[in-house]
Amino acid sequence: MVTLVNLKAYWRFLVTIRQFSPLIVAYWRDRKRFFLFGSGRDVGPETQQERAETLLDILLTLGPTFIKLGQLLSTRPDILPPAYIDVLSRLQDDVPPAPWAESKEVIEADLGSIEETFDDFDTEPISGASLGQVYTATYDGDPVAVKIRRPGIEALVEADLRVVKWSLPVVKRVIGEGRAFSLENLADEFAKTIRQEMDYRREREMLEEIRDNFTDDEAIRIPNAYPTASGPRVLTMQYIPGTKINDVDQLEAEGHDPTALATALQRAYLQMIIDDGVFHADPHPGNLAVDDDGAIVFYDFGMSGRVDPFIQGKIVDFYVAVASQDIDAILDTLVDMGTLSPEADREVMGDVMELAIADARGEDIEQYRVNQIIQQVESTIYEFPLRLPRNLALVLRVATVVEGVCVTLDPEFDFIATATDYLREQGYYEETARDLARDAGQQVQDTAEALVTVPPKLDSVLDRAQRDDLQFTIVLEDDTGVLDKLALRIAFSVLLAVGVLSATILYSFQDAWQLSAVVLALSSPLAVALYRSFREKKGIRAQPQFTRQQMRQRRED
């Protein structure tokens, strides 16, 4: 089996490289116009759109694993530009079902005879995806949905995951270093997620845990699972019909309030992520429906995840900061979670957050302000990129997809108001207020101590200054190598000037022009080195030394 997977992986790697070769060449030339040398190329929106369409076709051609990868990439703005996100968002996990004979073998291998297990079984699937497909049946008199793993998918996925791993060094050479961090995290998270999605025993356990958390909530319905009719590759669940949540006209015709549904959906995910720590991670419209009573029905728990208590607390801090429009607190929270680099330009990121909050609240934003911020971001965001640590990737996916569903239900939906109401009802605002009061008390104590200790020390310093006995020791740190680069440029300039001056003096003598040419030739590498030092794309830039995070760390140290 291992040998078979290895052989398949080698073959798939060659196929993948061949498929991606046009994009690899194009991206490489964006960095080096003539492959080995030359300046970079500017890529406009039209070119990005064309390349995104090409990427979409490649992912569809390569099959199930890469379709899933494309869906995950569509939620990662820290890796791909907006043009790619828009195109990949159209990627649908909808493929023709496997033949019934192959599916039947999977069911009977896990459960035994279909006739003896089920009262009735419809051999026509109601949905087909890249990793599994769903049939309807009757079990112990109850209508059920039977989800089975696609036959033979395990070997293909394992081979493709190796291909993704082997391809990382190639891709990282093409993209910027800043995004390589997020890309490597995404590859690890993708491998973990897709293996979990193929484990139907885990899916049943997650389904049952989430269902228990919503037992008393009449606005949410989670189907029952049937353990006696389930296995590693087969999951039998209660079949709950309903209207797709994005069919707004039909929902309104049935008497359902779209705004109330959007509110219930967001509150459900706030509970899952902030309170329960376990959540359904694939809330696209195909996995959400509304039953006759107006409750939201959740399907397909293959993609689900957990949130650790630290991240839960930081998400609460983030929502409270957003509701209070405290930009500094928002940025500090993003840094604490590892989502924002501590060296990021806080002024630019603050402008971005203000714009995002205004947009979320539905406020009118002047276009010139939008253009101004976009220009700031374009010159900064990839240098100090937003990053997505592994434990936040699925949370971001959920937030992105839920936002799309809620806006479909109600274009004027107020996410911030709904989140604020939920946090206040759960008492999180009171906890935050207590934390602020504790911090304020500590600051008062520190100030009081300073009032007692600082004057005597200051008096001693002034006495020494009056006696001309005050000395300062200044240590200049150069973590970014700025001074080294400046010194190198000065050395190049001086040596080049000496070489040119010597060549000029020698040239003035008629018999020494050959020696003058030799001196110029020896000086030419210095000219090239000096030119290249000024042509570096990143130039000489100092890292910000006084971000809030760094100042806090220094105080703690």
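User: Which side chains meet Lys147 or Glu203 in a salt bridge, and at what N to O distance?

Analyst: Some ground rules come first. This is a predicted model, where local features need pLDDT of at least 70 and side-chain atom pairs count only at pLDDT 80 or more, while totals for chains, interfaces and linings use all residues. Residues are numbered from 1 along each chain as its sequence is written, and side-chain values use heavy atoms, with hydrogens and water left out. A salt bridge is a side-chain nitrogen of Lys or Arg within 4 Å of a carboxyl oxygen of Asp or Glu. Here, Lys147 and Glu203 pair up with each other, at 3.1 Å from N to O. That links distant parts of the chain, since Lys147 sits in strand β4 (residues 142–149) and Glu203 in helix α9 (residues 200–213), 56 residues apart. Helices (H or I, at least four residues) and strands (E, at least two) are DSSP runs, numbered from the N terminus.

User: What else does Lys147 bridge to?

Analyst: Asp300, at 2.7 Å from N to O. Asp300 is in the loop between β10 (296–298) and β11 (304–306), so this pair with Lys147 of β4 ties together parts 153 residues apart in sequence.

User: Is Lys147 buried or exposed?

Analyst: Buried means under 20% relative accessible area, exposed over 50%, and partly exposed in between (1.4 Å probe, protein chains only). Lys147 has 8% relative accessibility, so Lys147 counts as buried. Glu203 is buried too, whereas Asp300, at 22%, counts as partly exposed.

User: Which residue does Lys314 bridge to?

Analyst: Asp317, with the closest N and O atoms 3.9 Å apart. They are three residues apart in helix α12 (residues 309–324), so about one helical turn separates Lys314 and Asp317.

User: How many cavities of 30 Å³ or more does a search find?

Analyst: Rolling a probe the size of a water molecule over the atoms shows where empty space is left. On a 1 Å grid over the protein atoms alone, a cavity is a set of points where a 1.4 Å probe fits but cannot get out; lining residues have an atom within 4 Å of a point. The search of the whole structure finds one. The largest cavity has a volume of about 80 Å³, a volume being the space filled by probe spheres set on the points, with grid points joined across faces, edges and corners.

User: Which residues line the largest cavity?

Analyst: Among them are Lys68, Phe190, Glu197 and Arg397. Helix α8 gives the largest share of the lining, four residues.

Notes:
On a 1 Å grid over the protein atoms alone, a cavity is a set of points where a 1.4 Å probe fits but cannot get out, and a pocket is an open set with protein on both sides within 12 Å along at least five of seven lines; lining residues have an atom within 4 Å of a point.
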